[in-house]
Amino acid sequence: MRRHLIPLFLVLTLIVTILPASAIAHPGKTDANGGHTCRTNCEQWGLTDGEYHYHNKDGSIRRATDKKSAQKSTGAAMILPKKQAAGTLQVYYLDVGQGDSTLIRTPKNQYILIDAGDNDKGKDVVTYLKHLGVKQLDAVIATHPDADHIGGLDDVINAFPVKAVYAPKVSHTTQTFKDFLLAVKKQKLTIKTAKAGVDIPLAGLKAKFVGPVNEYGNELNEWSAVLRLQYKDTSFLFTGDAELKSEADMLKSGAELSADVLKVGHHGSTTSTSQKFLNAVKPAHAIISAGTGNKYGHPTKDILTRLKKANSKIYRTDQQGTVTAISDGKKITFVTAR
């Protein structure tokens, strides 16, 4: 009886066709917890060799600091957002716990990073960026010197080539702020002043600072760099921790503040998002970046109620993980990590 042999290359082709991309990237059996360690092409996935992680059904990766911590609690896991196709404006409101970090990818593949969470989140932000395909940052914005905003920026600036750094003209004496300055110096960069009226040169869209308008002494939150982004018919406003004085000054300045999407000021604290400011912005969507069970009570019930009364759809990183907004220039769609 004659045997029909299948050539080896046909077998391999069939296996590659059947297996999901994640299995090809770093094969290995999952354990009882549903996770496994990365063995090949790890950097492509924003992972290090031997790093324990999970694969989600949508193609995203849920990362844990180590296998032991992942087995103890899913709360220790980091969920990486799904990378979106090129050609749209993408805004990733990264889950960095009680802090702020936002990555903007333009339709022309320029990347802008606003803040990088606290000191212990710098490596996580680097992982997010590598996972999302960042090779270079066209602009880094340090909204103000608070650690939960700039703590991780030194890690980022030392990990990627950076074209420009923007920050308000205010300093601080903390080691965190010094680390940020040292990283800028180490990479032979200079800091451009972020203040009302300053534009960030980007292809195909407008990016202009609308705050800070004035100087605010030692009130660091009020110094926050506030950026408005316009892509065709869609707009975004990123407020850092800007509080009531800064909001009032922006209103008086006459600058365009309306936006489809508002990154809610100061993690949803009552010190920000005044009714007058909200009336001017008129956001259809509101993003709150905060940590689960944080000691500050962010976001507050008052702000949540105010946003709901304004008919703003609320997204929260403490509940939904990284929130991704995708704009084609006419409409904005949202994807959440969980």
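A salt bridge is counted here when a side-chain nitrogen of Lys or Arg lies within 4 Å of a carboxyl oxygen of Asp or Glu. The model is predicted, so local features need pLDDT of at least 70 and side-chain atom pairs count only at pLDDT 80 or more, while totals for chains, interfaces and linings use all residues. Residues are numbered from 1 along each chain as its sequence is written, and side-chain values use heavy atoms, with hydrogens and water left out.

**Salt bridges**

The structure holds six salt bridges. Select Arg316 and Asp318 to see one of them, in which the closest N and O atoms are 2.7 Å apart. Both Arg316 and Asp318 are buried; buried means under 20% relative accessible area, exposed over 50%, and partly exposed in between (1.4 Å probe, protein chains only).

Next, select Asp95 and Arg338, whose salt bridge has its closest N and O atoms 3.6 Å apart. This pair links distant parts of the chain, 243 residues apart: Asp95 is in the loop between strands E5 (89-93) and E6 (102-105), and Arg338 is in the segment after strand E18 (332-336). Helices (H or I, at least four residues) and strands (E, at least two) are DSSP runs, numbered from the N terminus. Asp95 is partly exposed at 23% relative accessible area, and Arg338 is likewise partly exposed, at 43%.

Move on to Lys163 and Asp138, joined by a salt bridge of 3.6 Å, N to O. Lys163 lies in the loop between helix H6 (153-159) and strand E9 (165-167), and Asp138 in the loop between helix H4 (122-131) and strand E8 (139-141), so the pair ties together parts that are 25 residues apart in sequence. Lys163 is exposed at 55% relative accessibility, whereas Asp138 is buried at 13%.

**Thr234**

Now select Thr234, in strand E13 (residues 234-238). Thr234 is buried, with a relative accessible area of 1%. Display its contacts (heavy atoms within 4.5 Å): leaving aside residues up to four places away in sequence, Thr234 touches Leu229, Asp260, Ser327, Gly329, Lys330, Lys331 and Ile332.

**Helix H8**

Finally, select helix H8 (residues 244-253), where the buried residues are Ser246, Glu247, Asp249 and Met250. The buried residues of H8 pack against strands E11 (206-211) and E12 (226-231) and helix H9 (275-281). Gly254 follows H8 and has a positive phi, near 80°.
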